[in-house]
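Open the model in your viewer and keep the selection tool at hand. The tour goes stop by stop.

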Amino acid sequence: MNLKAVLILLGLALATIFALVCVLLTRERGPRSCQHLPPEQEDTEDGQSLVFADLTPEEMSQVVRYLQGQLGVPLVEASRARPWENCIAWVDVQVPAKAEVLRFLDGGGARPPREALAVLYFGKQAEPNITEYVVGPLPTPAYHRDVTVQKYGGRLPYHRRPTLAVEYKQIGAFLKSQVFPSAPAFMQQVMEYDGANLAVVTAAPRGFRSGDRVTWFVLFQNVSGFFVHPVGLEVLVDHSSLDVSQWAVSRVFYNGQYYRDMAELERAYVQGQVSVEKVRKAPWDGDFSSMKARAGAAALFPVQFEPQGRRYSVSKNQVLFQAWSFAFGMSVSAGLRLFDIRHKGERVAYEISVQEALSVYGSNCPGGMSTRYMDRSFGLGRYTSPLVPGVDCPYLATYVDTHSLSDSLRPEKRKASLCIFEQNLGSPLRRHYSNLQSLYYGGLVNSALVVRSITTVGNYDYVWDFIFYQNGAIEGKVQATGYPSSSFFHGDGLRYGNRLWEHTLGTIHTHFVNYKVDLDVGGVKNSLVAHDMAFEMTRAPWSPEQQIERPRLTKKVLDTEEQAAFRLQSKTPRYIYFAANSKNKWGHQRGYRIQITSFAGDHIPEASSMERAISWARYQLAVTRRKEEEPSSTSIYNQNDPWTPTVAFADFINNETITNEDLVAWITAGFLHIPHSEDIPNTVTVGNSVGFLLRPYNYYDLDPSIYSHDGVFFTSEQDFTACEINRLACLPKTASCLPNFPPFTYDGFRNM
């Protein structure tokens, strides 16, 4: 081999070695996988939180089998039940009495027996009725007891039963097979009806007096986002009879005119006496109501990750986060709820739960003007929807499956229907920059833990959040999105909303949400105290001829339930707090303050025949004595019989003393929604968020967040680029890593 060839080979070898070294060095400098550290608060789960746990699918099935074998009556699958048959409507956990639970949690007492609550419809009886049974002990039931009379003071009439999905199907079949064929020319020429191109939405309540089950059904084009595609036709169906063959049409409405039935509408149409407003047929994607993005792909939106792993833990139904611990659950009817909420090991609340979501509509169409939706009766927990990672919650959140048994004999799994995550809110929780005398910066990132579920009830989506802050504050928040409900635009429609499209009237409506907050501040016994301000006039001591107006603190103990019931639009003391029997270092009663964020519309007039069913909405805040016989501000049975409400919250307020008692705060937040063109294709959450804060008020001797590991402090004399002085200086090292994003999955379209 000649010298030239040797030199060429040697050069190639050196180039190869150089390239390999570059690759290795590049790899070493490249991002590494994020290294997860153990949570700051170790999991100490001892099973106590399971006293509040939702039923497992196995327990639900055991309850069904027990009832099938022990009641001595045939039970039909609820998804196939006819009105005159017996069925199990739903099954949920029966949370034990508070006194029993506290003896177990705090006093070393026995664990309360685990029980279920089953709601049954008995249509096949001499007197059809709704019956509630407590079944236990789980997991192997051996007894059941009828608690209906004990809970409600009497039997529950059958007409109050929440409407099963199968009843809606039966009404749909009735419309399709008997009602629409009686107007063949109108349905074909005006509606272009082909048996599948119309969707039906129910109004509620169903009539004007107890015993009625007469419902307006509003028709829409059956396309994506059909809620904003009304066609002008509405049908009033009397389905009060348990014999489906006896169902009948009571009235028909089309484009501002009322008709006795479809046959009368047909005769008028054939004779040219109907003012026809034909709606342009929408494509299957809904056209203007389609939620498909109108823009192409672009740079990815910001995402959040935890460079050193999650700083919270979830074990079964318990969450630990820094100084916080609590148990969570999902009621079939009421949705998200929390129990045994503790900060720094001390219980501050026994229960925080959603109670109801109410909407009252206005319209010049019958379905819209008669609608007062009480969503608990439909099931705020039952209709909790699977969550989409990266949109509904941060992609790397912890996702929890929930289960329910309703309208079926088999449990239903809703995969990833609850999420838990820590969120950097992008702003300081507190901070100060000092440029006077001493030079320093001190601050704390506002990083909070969020528990979230999203309920989709018909057209609306409610985003439910409970948020835990490092300073000991808790926030309950709901954001509304989804589609606005609409009416057919005609006549004086603009008195009741805004025109959103050619034939679409976005109808004015109110949203009211009610929460139960059972605070236990420094113990079970609390009092309610109001602090506020007033200006007083005084002479300047150093210059008596001059007057000074100065604010001073006003204080008042609210002794009775009447004093603690604040009407919706009334002036409320700015500081209202639950006061403990203990004091902090500075001699103040330890307390937790209630602060409400609400933009509520007006409550329905109390002269209304159905107002007592929603009388909780009279009050932005009402504090009452806690009673086991008053577990909720409303009932699932109020929707279909609001004229004789099963639970009337107004009765809770009866002037009892509330000084040094176990108290509950009932909080109502809401907003008025006048749909506008920007609600097309659907409503955004921005500006449609209401709720409340629970904030320490002299509960601690100083802000507990000062003990957070996230604090940042440095002076002008320190090397703030050093990690040991300033944690932020370490970010290029600690946060320059590749998070593990699992493959995207979604189970929201299974088993539909």
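In which strand does H403 lie? Select strand β18, residues 398–406, and H403 is there. This is a predicted model.

**Stop 1: H403**

Show the side chain of H403. The residue is partly exposed, with a relative accessible area of 24%. Now display what H403 touches, not counting residues up to four places away in sequence: P57, M60, E412, K413 and R414. Then pick R280. H403 and R280 are 123 residues apart in sequence, and their C-alpha atoms are 42 Å apart in space.

**Stop 2: the largest nonpolar core**

Next, select I341, W464, F468 and Y515. Of the 73 residues in the largest nonpolar core, these four touch the most other members. Colour strand β16, residues 346–361, as well: the largest share of this core, 6 residues, comes from that strand. Domain 2 (165–288) and domain 3 (316–428 + 447–521 + 559–573 + 582–701) each give this core at least three residues.

Centre on W464. What is W464 in contact with, leaving aside neighbours within four places in sequence? The contacts of W464 are L336, V354, A357, L380, V451, R452, S453, T455, K477, V478, V513 and Y515.

Another core lies apart from the largest one. This other core has 27 residues, among them F180, L219, L265 and A268.

**Stop 3: helix α7**

Select helix α7, residues 262–270. Which residues of α7 are buried? They are M262, L265, E266, A268 and Y269. Look down the axis of α7: the buried residues fall within an arc of 165 degrees, so they line one face of the helix. Now show what covers them. The cover includes α5 (165–179), α6 (184–189), β9 (230–238), β10 (248–254) and β11 (257–259).

**Stop 4: aromatic pairs**

Switch to the rings. The count comes to 38 aromatic pairs. Start with F122 and Y133. Their ring centres are 6.4 Å apart and their planes stand at 85 degrees, so the pair is edge-to-face. F122 lies in strand β3 (residues 115–122) and Y133 in strand β4 (residues 129–136), so the pair ties together parts that are 11 residues apart in sequence. F122 counts as buried at 3% relative accessibility. Y133 counts as buried too, at 12%.

Move to Y152 and Y637. This aromatic pair is edge-to-face, with 5.9 Å centre to centre and 85 degrees between the planes. Y152 lies in helix α4 (residues 148–152), and Y637 sits in the loop between β32 (619–625) and β33 (661–673), so the pair ties together parts that are 485 residues apart in sequence. Is Y637 buried or exposed? At 0% relative accessibility, Y637 counts as buried. Y152 is partly exposed, with a relative accessible area of 22%.

Now return to W464. Ring pairs link W464 into a cluster with Y460, Y462, F466, Y515 and F692.

**Stop 5: charges over rings**

Two arginines close the tour. Select R590 and Y699. The charged end of R590 sits over the ring of Y699, 4.0 Å from the ring centre. Then select R593 and Y575. R593 lies over the face of Y575, at 3.6 Å from the ring centre.

Methods:
Residues numbered from 1 in each chain as written. Predicted model: local features only at pLDDT ≥ 70, side-chain atom pairs only at ≥ 80, totals over all residues. Heavy atoms only, no water. Core = buried A, V, L, I, M, F, W, Y, C linked by side-chain atoms within 4.5 Å. Buried < 20%, exposed > 50% of the residue type's maximum accessible area, 1.4 Å probe, protein only. Helix = DSSP H or I, 4+ residues; strand = E, 2+ residues; numbered from the N terminus. Domains from an automatic or database assignment. Contact = heavy atoms within 4.5 Å. Phe/Tyr/Trp six-rings, centres within 6.5 Å; stacked < 30°, edge-to-face > 60°. Lys NZ or Arg CZ within 6 Å of the ring centre and 35° of its normal. Arc of directions from axis to C-beta.
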